[in-house]
Amino acid sequence: MNHPDPRRRYILAAAQLIKELGEENVSARKIAAVLGTAPSAIYRHFQTLDELMAYAAISYRYDTYAEMDRIAVDASNAFEMYEKTEREFARFAFARPKLLDCLVFGAYSQNMSELMANYRTIFPEAVDEKKLYSAAVLNGQDFEKGNMRLLQMCRDDGSLQADDATAHALNGVLVHMFKGFLKTALDHPEMEVETLVSRYMNCFTFVLQPYARKNTNYIQQ
């Protein structure tokens, strides 16, 4: 009989506290209180609280993928899916920049491939190939590879016209552009989320529009 990975309950508890209290207010003591255990028990399964919080951030982020997958189902092609899900993801990221900080800039940003692989082991049900967006991102191993998979889907259905070298160059530009806007959200919490989203998507459009299949309006203005 297979037993659930014991790390699941800690990750889910931390993710729920992030949702209820905000990531800056989550502590080992609060996680332990939810689970009815001692704070020291956390360290039997995770090297540090930051490691647990990194997994919790992935779990919390995954909760947003349900909306992305609904958008993907309704899209008429891969490019439309990419644009619409990117807008929704930017809205989520810029509203909770500290949550994404540990994955994009923090100590675990260099270990995302390992974290994502472990996450898929802990939560094997998270990857459903029928769910286009979440399958692409979670199977992508890290932020940059996940975004490249989305671009490749656009190339595969012909809605993005770019050779391999161009696609990889576009991916690099888009990833660094997103990181720049996320840093702005971190440094300027007073900025309106929708203002940042609008500016980001204008840049997104500027970068990709020349490569969109002609006579289409896949990118929303």
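Author: Start with a cut-off. A residue is buried if its relative accessible area is under 20%, exposed if that area is over 50%, and partly exposed in between. Keep in mind that this is a predicted model.

Our part is K179. This residue lies in helix 9, which covers residues 164-187. Is K179 buried, exposed or partly exposed? Its relative accessible area is 27%.

Now look at what K179 touches. Leave out residues up to four places away in sequence, and its contacts are V104 and F105. Follow the chain from K179 to V104, and they are 75 residues apart.

Take the contacts between residues at least 6 apart in sequence: 67% of them join residues at least 24 apart.

Step back to the whole chain. It has 10 helices and 0 strands. Read from the N terminus, the elements run α-α-α-α-α-α-α-α-α-α. The chain has 221 residues, and 48% of them are buried.

Next, see how two of the helices meet. Helix 1 spans residues 7-21, and helix 2 spans residues 28-35. Their axes come within 9 Å. They cross at roughly 115 degrees. Angles of 65 to 115 degrees count as roughly perpendicular, and helix 1 and helix 2 are therefore roughly perpendicular to each other. The crossing is right-handed. Helix 1 brings R9, Y10, A13, A14, L17 and L21 to this contact. Helix 2 brings K30, I31, V34 and L35. Sorted by class, the contact has 8 nonpolar residues, 2 charged ones and no polar ones.

Last, check the cysteines. What does a search of the whole structure find for disulfides? The count is 0. A disulfide is a covalent bond between the sulfur atoms of two cysteines. Compare C154 and C203 by the cut-offs we began with. C154 has a relative accessible area of 0%, so it is buried. C203 stands at 31%, so it counts as partly exposed.

Conventions. Residues numbered from 1 in each chain as written. Predicted model: local features only at pLDDT ≥ 70, side-chain atom pairs only at ≥ 80, totals over all residues. Heavy atoms only, no water. Axes fitted to C-alpha atoms, helices over the stretch in contact; angles between N-to-C directions. Helix = DSSP H or I, 4+ residues; strand = E, 2+ residues; numbered from the N terminus. Parallel < 35°, antiparallel > 145°, perpendicular 65-115°, else oblique. Left-handed = near helix turned anticlockwise from the far one by under 90°. Contact = heavy atoms within 4.5 Å. Nonpolar A, V, L, I, M, F, W, Y, C, P; charged D, E, K, R; others polar. Disulfide = S-S within 2.5 Å. Buried < 20%, exposed > 50% of the residue type's maximum accessible area, 1.4 Å probe, protein only.
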